[in-house]
Each structure stands twice: as structure tokens, then as C-alpha cells.
Amino acid sequence: GKDVVITEVGPEEKRHFTFVKDAARAAALALEVPLKDSRIFNIAGGDDSYVTFQEFYQTIKKLCPSAGNVLFQGKGQNRGKVDISAARKEIGYQPRYTLEMGIQEDIDHWQTHKAS
């Protein structure tokens, strides 16, 4: 419920977010699939997870209206959308969590642990 100032990024900067459970599942898939060479795979959420920091904050505020306000004061640059096509093809990775689902799960987790 507290307001915060974020100085490292601007509101319109875009990032391709990944929910931690999708990242963990991708790591497990990479361990299970026999590959002939060492490989590096890009892992990210789906298309809906490539958003601005302002859109990310608006999703939090939608799911948790009591969240404080955010003021973005930074100025950086967008990072491009992550290409996960090799991970899809070679290890069968497919994001399961939308941005909203991942944020909601995080909110539920923190609200549960705050109460205990």
C-alpha cells in the first residue's frame, strides 16, 4: 500500500517478463531432452508478457487495488522481445503463465505469508 519511486527505468520502457515457474519448468525440460551439443535457450513469457513498466504496474493495480502508486523517474531503453522459438522447438517449452496469472500468484503468495 506504500507509494514508491523507481529511478532505474521509465514508464514506457518495455521488458519481456517471465514467471519464475515457467523459467523453472524450462530448466527442467532442458535437462530432460537429450541434446547433442551444449545449447543456450532464451526463455520468456508469452506475447502478453512483453509490456511497458507502466502496463506492468497497471496490471498489479488492477489485481491489487490497495497497492501504492508508482512514480517511474528513470530513462533507459527498451529491450526487445525475447525469441523463444528454439526453446519451443528443441525442448518443448511453452509459457503456461500469462503476465496477469504470474502477478496474481505472487500477490496471493505475499498476502498469505503476510498474514502468517
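Which residues do ring pairs link into a cluster? In this predicted model, the cluster linked by ring pairs consists of F17, F53, F56 and F72.

**Aromatic pairs**

- The count of aromatic pairs comes to four, and one of them is formed by F17 and F56, whose rings are stacked at 4.5 Å centre to centre with 25° between the planes.
- This pair links distant parts of the chain, since F17 sits in the loop between β2 (14-16) and α1 whereas F56 belongs to helix α2 (residues 53-63), 39 residues apart.
- F53 and F72 form a tilted aromatic pair, with 6.2 Å centre to centre and 50° between the planes.
- Because F53 lies in helix α2 and F72 in strand β4 (residues 70-72), the pair ties together parts that are 19 residues apart in sequence.
- Both F53 and F72 are buried, whereas F56 is partly exposed, its relative accessible area being 22%, where the limit for buried is under 20%.

**Helix α1**

- Helix α1 (residues 20-32) has 13 residues and reaches 19 Å from its first C-alpha to its last, which is close to the 18 Å expected at 1.5 Å a residue.
- The buried residues in α1 are D22, R25, A26 and L29, and these lie on the same side of α1 because they cover an arc of only 105° around the axis.
- V20 and L31, on the other side of α1, are exposed.
- The buried residues of α1 are covered by parts that include α3 (85-91).

Conventions. Residues numbered from 1 in each chain as written. Predicted model: local features only at pLDDT ≥ 70, side-chain atom pairs only at ≥ 80, totals over all residues. Heavy atoms only, no water. Helix = DSSP H or I, 4+ residues; strand = E, 2+ residues; numbered from the N terminus. Expected span 1.5 Å × (residues − 1). Buried < 20%, exposed > 50% of the residue type's maximum accessible area, 1.4 Å probe, protein only. Arc of directions from axis to C-beta. Contact = heavy atoms within 4.5 Å. Phe/Tyr/Trp six-rings, centres within 6.5 Å; stacked < 30°, edge-to-face > 60°.
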